[in-house]
Amino acid sequence: MFARVKCWSDEIMNYTFQFGVLTEYGPYLAGGLWHAWWTSFPSIIITTILGVVLAAMSMSRRWFLRGASVVFVDLFRTLPVVVLLIWIHYVMPILTGISLSPTMSSIIALSLNGAALACEAFRGGLEAIPATQTQAAQSLGFSRWKVMRYITLPQAFFATLPSLTNVHITVIKNVTVTVLIAVPEVMFRAQELTVQFFRPLEFYTGAAVLYVALIWGYALLMRMLERLQKWQPI
């Protein structure tokens, strides 16, 4: 055992990087960004909408809505995304007879996990709005829905943006695990090229650079969105 570890260590130490392979196969690797984005973008949209709904349910006066929100959040934020992905793509067809494409299974799994995280981010933003604002609006004749629509949600949205950006970035990074069900995104292509050419460090480094570029660009867009806030929080 010790001899095998030493042999492996010697091979690593003598490894010669050949990043030139990225010149030839980089475009193929970069083509996986389209599949990564096509998987993560719908997941981000569903994550955000479902997160708002769950946060509103968690603050409802009705106990069964609060309970349903707590059960959803505690279940899907504790389940590993890999397990969720395998259940949806491989177990669900056995139980229900409904078979989904790898991309659709990935979107559902990432959305369920992301919504549980987004719910907590939105709940923190909603609870940060002072109760005096709600009381003042109700004294002016605003209904509960109008208070939520015109006063609470706009402020909570911008207050939540930094936390929500972290949730979205987690969703994008979790796309890498969809390699398990053969979504042809960047990591899948890096694995495919590694098997053919035995240059794992070069291809996985290239995949990492592409994901950093994708996430950096998305974070930049979210920072620009934060600057659209036209008022200062009270």
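Predicted model: local features only at pLDDT ≥ 70, side-chain atom pairs only at ≥ 80, totals over all residues.
Which helix gives the most to the lining of the largest pocket?

Residues are numbered from 1 along each chain as its sequence is written, and side-chain values use heavy atoms, without hydrogens and water.

Select Leu-126, Arg-144, Met-148, Thr-152 and Leu-153. Of the 25 lining residues, these are the closest to the centre of the largest pocket. The space in it is about 690 Å³. Next, colour helices H3 (32-58), H6 (102-127), H7 (131-139) and H8 (144-174); each gives two or more residues to the lining. H8 gives the most, with nine residues. By type, the lining has 17 nonpolar, five polar and three charged residues.

**Stop two: a helix crossing.** Show H2 (residues 21-30) and H10 (residues 200-226). Their axes come within 11 Å and cross at roughly 50 degrees. The crossing is right-handed.

Now select the contact (heavy atoms within 4.5 Å). From H2, take Val-21, Leu-22, Tyr-25, Leu-29 and Ala-30. From H10, take Glu-202, Phe-203, Gly-206, Ala-207 and Leu-210. Eight of these contact residues are nonpolar, one is polar and one is charged.

**Terms.** Helices are DSSP runs (H or I, at least four residues), numbered from the N terminus. Axes are lines fitted to C-alpha atoms over the stretch in contact, with angles from 0 to 180 degrees between N-to-C directions. A crossing is right-handed if the near helix is turned clockwise from the far one by less than a right angle. Ala, Val, Leu, Ile, Met, Phe, Trp, Tyr, Cys and Pro count as nonpolar, Asp, Glu, Lys and Arg as charged, the others as polar. A pocket is an open set of points on a 1 Å grid where a 1.4 Å probe fits, with protein on both sides within 12 Å along at least five of seven lines; lining residues have an atom within 4 Å of a point. Volume is the space filled by probe spheres set on the points.
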